[in-house]
Amino acid sequence: MQKPKKVVLAYSGGLDTSIILKWLQTEYGCEVITFTADLGQGEELEPARQKAVMLGIKPENIHIVDVREEFVRDYVFPMFRANALYEGLYLLGTSIARPLISKHLVDIAHAHGADAVAHGATGKGNDQVRFELSAYALDPSIRVIAPWREWDLTSRTKLLEFAEANQIPIAKDKRGEAPFSVDANLLHTSSEGRVLENPADEFPDYVLQRVVPVEQAPDQAEMVEITFEKGDAVAINGEAMSPATILTRLNGMGSRHGIGVLDLVENRFVGMKSRGVYETPGGTILLEAHRGIEQITLDAGAGHLKDSIMPRYAELIYNGFWFSPEREALQALIDKTQEHVTGTVRVKLYKGRAATVARWSDHSLYSEAHVTFEEDAGAYDQKDAAGFIRLNALRLKLIATRNARVAAKK
């Protein structure tokens with residue numbers, strides 16, 4: 001295959017992507033353009049710029065972009081309208097960031113006339129699939145380079161030797177064995193590998209990056225009110241905020257109350273099982289609140305249909321099909337259900353749990369007149385239930401009659 005002339009690299013500034021940057025230069029002799037996304041990972045990103053310059057990247061070829069608002073508004077919030085949980089538990093914090101990164105990689109490639117993009121995902125994980133499916137969906141002619149599937153740097157020792165040979169700075173702790181691998185963004189923190197690889201071992205508290213252990217959470221509960229408009233959070237405690245600001249604020253609340261920690265053995269798309277510890281404090285609160293407002297504003301038929309498609313929707317995101325027509329079709333259905341999901345939810349935060357305690361809305365379908373145990377002033381005629389039950393029982397009675405008749409002939 002012809003060597004690429006220009007490659008846009010998803011660049012974190014860390015050791016692995018710095019090695020990839022230099023490997024692209026030495027292996028292909030190509031010009032490298034870097035893209036570093038500020039996804040709210042909580043790290044200073046200016047060192048990534050400095051390291052890129054040190055590795056010979058022209059200043060005009062270094063892109064560090066604050067995508068926090070775009071991330072939450074255009075990716076996290078649409079996903080939360082669906083109450084998406086992969087395998088019933090995982091809030092998809094890593095999965096939902098990959099299509100956004102791919103979109104920017106492709107956009108930058110177009111702007112620079114680059115003929116390839118590159119990522120640092122390994123050949124064992126899901127991220128390689130997510131990056132590449134997204135890139136091909138946005139530009140079917142783009143070339144994707146995945147060094148972990150190509151190079152012969154198959155051990156940590158070889159990686160460090162390559163770094164030393166190419167004057168790539170190595171932090172002292174990088175020479176030892178990293179206790180685990182961490183990926184973070186505004187929605188969550190993911191920890192995998194090393195001390196977490198045996199699912200029979202309880203993870204140590206030092207794995208937690210964002211959330212305090214529940215035993216250390218305050219003994220006093222905290223209340224938070226979240227206001228929604230058409231399924232999206234728009235205010236906290238009556239104060240209007242941008243999407244990223246809302247998630248940041250909820251992260252702070254959830255973190256100090258030990259909320260949102262998940263120890264999960266999941267099924268990767270590539271076929272193997274993996275164990276990870278996920279911390280999604282703000283997302284856990286947001287999911288609870290969204291469920292809370294849907295309880296009074298979403299019709300049963302629409303809500304049950306939405307819940308029935310949620311596992312498929314979540315699986316599409318997990319497997320990297322954000323830009324697929326089926327995900328977009330499901331999103332259109334989901335968004336239609338959210339037209340009246342407007343109102344406010346009060347959530348109690350206490351010792352690792354977020355629980356809805358009150359909800360109210362001008363769009364509410366809840367009728368106290370119909371459900372009251374007191375006099376309902378004719379709002380509901382209980383005698384109507386008799387015919388309703390008889391009609392619904394008819395087929396069951398016919399089945400039972402048939403079964404008794406067949407049994408009697410044996």
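Where does UniProt place the feature "domain: Arginosuccinate synthase C-terminal"? I looked that up before anything else. The unreviewed entry puts it at residues 180–398. I'm working from a predicted model here.

**Annotated stretch.** I checked the secondary structure over residues 180–398 and got 38% helix and 24% strand.

Domain 1 comes in two pieces, 6–67 + 95–175. Domain 2 is also written as two segments, 181–298 + 340–360, while domain 3 covers 370–405. I then took the C-alpha centres of domain 1 and domain 2, which lie 29 Å apart. Their contact draws on 11 residues from domain 1 and 11 residues from domain 2.

How much area do domain 1 and domain 2 bury between them? I noted about 860 Å², with 54% of it on carbon and sulfur atoms. For polar contact I have 4 residue pairs between the two domains, both partners at pLDDT 80 or more. Sorting the domain 1 side that touches domain 2 by class, I got 4 nonpolar, 5 polar and 2 charged residues. I also looked for salt bridges across this interface and found 1. In my list of bridges, Arg98 pairs with Asp183 through their side chains, at 3.2 Å from N to O.

**Salt bridges overall.** My tally for the structure is 23. One of them that I opened up joins the side chains of Glu46 and Arg49, at 3.2 Å, N to O. Why are Glu46 and Arg49 separated by about one helical turn? Both belong to helix H2 (residues 46–54), and they are about one turn apart because they are 3 residues apart in that helix.

Methods: Residues numbered from 1 in each chain as written. Predicted model: local features only at pLDDT ≥ 70, side-chain atom pairs only at ≥ 80, totals over all residues. Heavy atoms only, no water. UniProt positions renumbered as here; feature names shortened; annotations may be inferred. Helix = DSSP H or I, 4+ residues; strand = E, 2+ residues; numbered from the N terminus. Domains from an automatic or database assignment. Contact = heavy atoms within 4.5 Å. Buried area = accessible area lost by both parts, 1.4 Å probe. Salt bridge = Lys/Arg side-chain N within 4 Å of Asp/Glu carboxyl O. Polar contact = N/O pair within 3.5 Å; in protein donor to acceptor, adjacent residues only side chain to side chain. Nonpolar A, V, L, I, M, F, W, Y, C, P; charged D, E, K, R; others polar.
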